[in-house]
Amino acid sequence: MPRLLAAPLLWLLALVACTSGSPAADPYLYAPPPAAVVPAGLEAATWVTHLEDDLLPYWRMPEAQGTPVGNFPTYRGMDGSVRGATSRKPRMLGRQTYAYAVGYLLTGDEALLDLSRAGTTWLLEHALDTTRRGWHADLDAAGAPAGDGPKYAQDMSYAVMGPAAYFFVTRDPAAEAAVLSTRDLLFDPATYWDAENGRIRDGRTADLAEERAMDGGSLASWQLVAQLDPVTAFELLVQPALTDPARREQARADLRALQALLVRSFFRDGIFWGATGSIGAYGSKHTDFGHLLKAYWAVLQIDKRLADRPQAGFLAQHAPVALRRALDAANGRWTKAPTGVEGVTSTGSDWWAYAEADQLAATLALHDPGWIPVVGQTSTNFRADYVDRTRPAREVVPAVDAFGRWAGTWGTTNTAKCNDWKNGFHSTEHALVMFLLGHYLAGTPAPLHFAFPAARVAELAASATPYTFQGTVASFDDLGPLAGDPTRHKVRVWFTELR
């Protein structure tokens, strides 16, 4: 059988098994790439260059690093200068800390690891509520708690995202402890876990005494992001890396429960809706291609961790259809949101939603080569459209229209690149996923950099994973002690058989 046909057949077999009850091959087995030249724009080196030249200049600036280093400003201008409010959002401190960890994963640049360590340290020392549990909603410029805002599950997941990424790279025990304490809070029936309905409550008051709905909504309407963002912000990433095997299995069970909930309570008519109270309401909050494709990606990446592949048939039937629905094929770009009119979508896209669509397409391409030319075109347009080449600081603007034109003017003082919901997370994750796809397509091992304790280099390298994907460790290089932490060694791990 030609290699080009083998992978789509696996998806078909999964669907047949779902509908007929017959046994099927594992749909997530490694499928070799097509025997063809890697399409222009999908080369792994292209995405390292994109990270280094288009994204990191904005985050390497002294203004980005904070005073002291690690106290990252939440609001910065288009040129990278500190602008706007001086308050800090822990969820954005976490995202920026994550971005530095991903930068180190891809480049091995220890300066980026030092920044991720500084961000993690600041978060653990200032943003954790050590008295009442959880993470403070807001900090002042000096790192003291500001106000007593509700503790939403989504916000806490992004606060711990930074320590989670730093732990993934280093296996640091303090970062792991913060991850586990956050997990335990979200799954505690006395606080966030709704055992009767198998879901995470949207939020609690600062003292955790009372439940709070997001955005002033009803407690009877559950928010998608309260379930989805704990998965994609930290649980998928840390699950295989947790120190205690029992904790790894516990996290796998968490992922299974949240996967089932997403499909059971938020899915209808091919769409993961933004809230249970707005199912069927097009245009409702969080009912957009960013959130619904992110949900498909989460369900897919979880399914690869579960031996019985509970959602393989569901994914084969619905995920490609949803992704096609999001594609503006004529313009080679992703669109913003579905509408209730057949074949009509809301055009243009926000940077993060576009990145999520590319990431799902790249992941489907590992088993269906038909997605390779699609993501080749859309990801090339991402670099062409979103990157701000008018300023040395670069990074990406937040939105473009259907033709790739900027959706705003964004003067120098505007905080459109760095604010209370935009930071380095989505752009750097996008670069990482596309880098991994590039190596897969070329049939070459993908190198990622870690910083493991010196005495455990071989052990931890052997069990390392290629981000939230599955893969095989082909080899590793012990590159010696870190300059900033001689107890750890820089370790380059080479991954093959991405799936």
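These legends describe close-up views of a predicted model. Local features need pLDDT of at least 70 and side-chain atom pairs 80 or more, while totals for chains, interfaces and linings use all residues. Residues are numbered from 1 along each chain as its sequence is written, and side-chain values use heavy atoms, with hydrogens and water left out.

**View 1. Tyrosine 354 and phenylalanine 382 form an aromatic pair.** A pair of aromatic rings is described by the distance of the centres and the angle of the planes. Rings of Phe, Tyr and Trp (its six-membered ring) pair if their centres lie within 6.5 Å; planes under 30 degrees apart count as stacked, over 60 as edge-to-face and the rest as tilted. By this rule the count comes to 21 aromatic pairs. Here the ring centres are 5.8 Å apart and the planes lie at 45°, so the pair is tilted. Tyrosine 354 lies in helix α12 (residues 351-365) and phenylalanine 382 in helix α13 (residues 372-386), so the pair ties together parts 28 residues apart in sequence. Helices (H or I, at least four residues) and strands (E, at least two) are DSSP runs, numbered from the N terminus. Both tyrosine 354 and phenylalanine 382 are buried. Buried means under 20% relative accessible area, exposed over 50%, and partly exposed in between (1.4 Å probe, protein chains only).

**View 2. Ring pairs link Phe168, Phe450, Phe452 and Phe495 into a cluster.** The charged end of arginine 171 sits over the ring of phenylalanine 168, 5.8 Å from its centre. This term requires NZ of Lys or CZ of Arg within 6 Å of the ring centre and within 35 degrees of the ring normal.

**View 3. Lysine 422 has its charged end over the ring of tryptophan 351.** The distance to the ring centre is 4.9 Å.

**View 4. Leucine 208 has a positive phi of about 70° although it is not a glycine.** Most residues other than glycine have a negative phi. Leucine 208 is in the loop between β4 (203-204) and β5 (211-212). At 8% relative accessibility, leucine 208 counts as buried.

**View 5. Threonine 67 and proline 68 are joined by a cis peptide bond.** Its omega is near -10°. Proline 68 is found in the loop between α3 (62-65) and α4 (90-107).

**View 6. Leucine 293 belongs to the largest nonpolar core, which has 148 residues.** Such a core is a set of buried Ala, Val, Leu, Ile, Met, Phe, Trp, Tyr and Cys residues joined through side-chain atoms within 4.5 Å. Helix α6 (residues 153-170) gives the most to this core, with 12 residues.
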